[in-house]
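Colleague: I would like to go through the labels on this model one by one. Please give me the value behind each label and the cut-off it is set against.

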Amino acid sequence: MERAHLLWAEDLTAEEIQYLLKVARRFHAPISGGESLPFLHGKTVVNLFFENSTRTRTSFELATKKLSGSTLNFSASQSSLQKGETLLDTARNIEAMKPHCLVVRHSSAGSPAILAKSLSVPVINAGDGFHEHPTQALLDAYTMEEKLGKLSGKRILILGDIAHSRVARSNIHVLKKLGASVAVCGPPTLLPPQLEKLGVDHAFRPEALLPQADVVMTLRIQLERQNRMQIPSLTEYAKTWGLNQERARLLKSGAIILHPGPINRGVELDPEVADGPHSVILDQVFNGVLVRMAVLAALCNPKDLATWIRGEKS
Ligand code: CP
């Protein structure tokens with residue numbers, strides 16, 4: 001795979017997605033066995049997070065370490081951004097210290113792409129506003145394939161606040177490129193306009209879609225991205241759209257439930273369902289390390305990675 005940055009799932013080809021998932025699968029056994037791999041030896045990855053994160057930041061840090069690289073976590077709240085320095089100046093100054101990759105999360109859609117245009121170091125989008133979260137979509141696809149096999153023809157239901165979800169947007173791009181059929185469901189105020197352009201089905205109530213779904217991806221209501229509450233209350237939301245035990249009983253026996261985290265238990269997902277037999281949520285978290293390793297290695301050391309994948313000595 002030859003690309004300078006990973007900014008959007010929208011511009012990944014099906015071949016690139018399949019390559020990254022294949023690399024992540026090849027990393028599974030050594031990483032489960034506690035091994036490290038050499039692809040980032042001598043390289044430094046800077047995590048530039050301007051929004052909070054538990055899973056994404058930690059898994060990028062672990063992924064870098066498992067690839068024998070070193071990480072530096074930039075703290076926006078303790079930086080000179082507080083003295084009026086711009087995002088671009090901040091990134092240019094970090095780049096001047098010669099890191100090998102920047103992982104960027106920011107509340108403004110498009111900010112990783114703006115940085116990528118001005119910098120020569122590889123930039124990975126770790127979530128930009130409600131636009132995209134491409135590595136989340138890759139780890140979700142990896143988890144679905146791990147549990148269900150190839151996704152061609154599989155029915156994926158994304159349930160919740162679709163309008164404000166970068167996870168939904170990136171997943172729709174990746175899943176459709178892998179041949180899955182995608183439906184979204186949520187309150188009318190939380191579905192984005194022009195759904196037909198995204199090529200997905202939609203419904204305002206989940207009951208009819210749940211029995212056919214191979215995968216249900218539940219999403220949090222993203223109040224931090226709404227100027228005003230767009231549903232009557234969280235209690236009303238939970239009653240009509242929350243995946244509770246009664247609705248989970250509509251699922252096929254082999255169906256799986258995903259959630260990107262953080263979960264608001266009792267709102268979009270009841271605790272018994274989040275921790276129940278259909279849930280693969282903690283598998284997603286482990287797979288996030290493998291997939292982020294694949295992305296880092298593919299951007300920072302593509303030749304050695306390709307040689308290793310072909311089974312030759314690098
Ligand atoms: N899924 C996800 O992006 O989680 P964090 O916000 O904890 O990184």
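Predicted model: local features only at pLDDT ≥ 70, side-chain atom pairs only at ≥ 80, totals over all residues.

Colleague: How many aromatic pairs does the structure hold?

Modeller: There are five aromatic pairs. One of them joins Phe 27 and Trp 308.

Colleague: Why is the pair of Phe 27 and Trp 308 called tilted?

Modeller: The ring centres are 5.5 Å apart and the planes meet at 40°. Stacked needs under 30 degrees and edge-to-face over 60, so 40° falls to the remaining class, tilted.

Colleague: What makes this pair a tie between separate parts of the chain?

Modeller: Phe 27 belongs to helix 1 (residues 14-32), and Trp 308 to helix 12 (residues 302-309). The two parts are 281 residues apart in sequence, so the pair ties them together.

Colleague: Why is the pair of Phe 39 and Trp 308 called edge-to-face?

Modeller: The planes stand at 70°, with the ring centres 5.4 Å apart.

Colleague: Which residues form a cluster through ring pairs?

Modeller: Phe 27, Phe 39 and Trp 308 are linked in this way.

Colleague: Which of them count as buried, and which as partly exposed?

Modeller: Buried means under 20% relative accessible area. Phe 27 has 0%, so Phe 27 is buried. Phe 39 has 3%, so Phe 39 is buried as well. Trp 308 has 21%, and is therefore partly exposed.

Colleague: How do you know that the charged end of Arg 26 sits over the ring of Trp 308?

Modeller: The charged end of Arg 26 lies 4.7 Å from the ring centre. The distance limit is within 6 Å, and there is an angle limit of within 35 degrees of the ring normal. Arg 26 is assigned as sitting over the ring.

Colleague: How many disulfides does the structure contain?

Modeller: The search of the whole structure finds zero.

Colleague: Why are Cys 101 and Cys 300 not counted as a disulfide?

Modeller: Their sulfurs are 4.2 Å away from each other. For Cys 300, the nearest cysteine sulfur is that of Cys 101.

Colleague: Are these two cysteines buried or exposed?

Modeller: Cys 101 has a relative accessible area of 0%, so Cys 101 is buried. Cys 300 has 12%, which is under 20%, so Cys 300 is buried too.

Colleague: What is known about the largest pocket?

Modeller: Its volume is about 390 Å³. The lining has 21 residues, and those closest to the centre are Arg 105, Arg 166, Arg 220, Gly 261 and Pro 262. Helix 2 (55-66) and helix 6 (166-177) each supply at least two lining residues. By class, the lining has four nonpolar, 10 polar and seven charged residues.

Colleague: And what lines the second largest pocket?

Modeller: This pocket holds about 260 Å³ of space. Its lining has 20 residues, with His 259, Ile 263, Ile 281, Leu 282 and Val 285 nearest the centre. Helix 2, helix 5 (134-148) and helix 11 (281-300) give two or more residues each. Helix 11 has the largest share, six residues. The lining divides into nine nonpolar, seven polar and four charged residues.

Key:
Residues numbered from 1 in each chain as written. Heavy atoms only, no water. 1 Å grid on protein atoms, 1.4 Å probe; cavity = no way out; pocket = protein on both sides within 12 Å on 5 of 7 lines; lining within 4 Å. Points joined across faces, edges and corners; volume = space filled by probe spheres on them. Helix = DSSP H or I, 4+ residues; strand = E, 2+ residues; numbered from the N terminus. Nonpolar A, V, L, I, M, F, W, Y, C, P; charged D, E, K, R; others polar. Phe/Tyr/Trp six-rings, centres within 6.5 Å; stacked < 30°, edge-to-face > 60°. Buried < 20%, exposed > 50% of the residue type's maximum accessible area, 1.4 Å probe, protein only. Disulfide = S-S within 2.5 Å.
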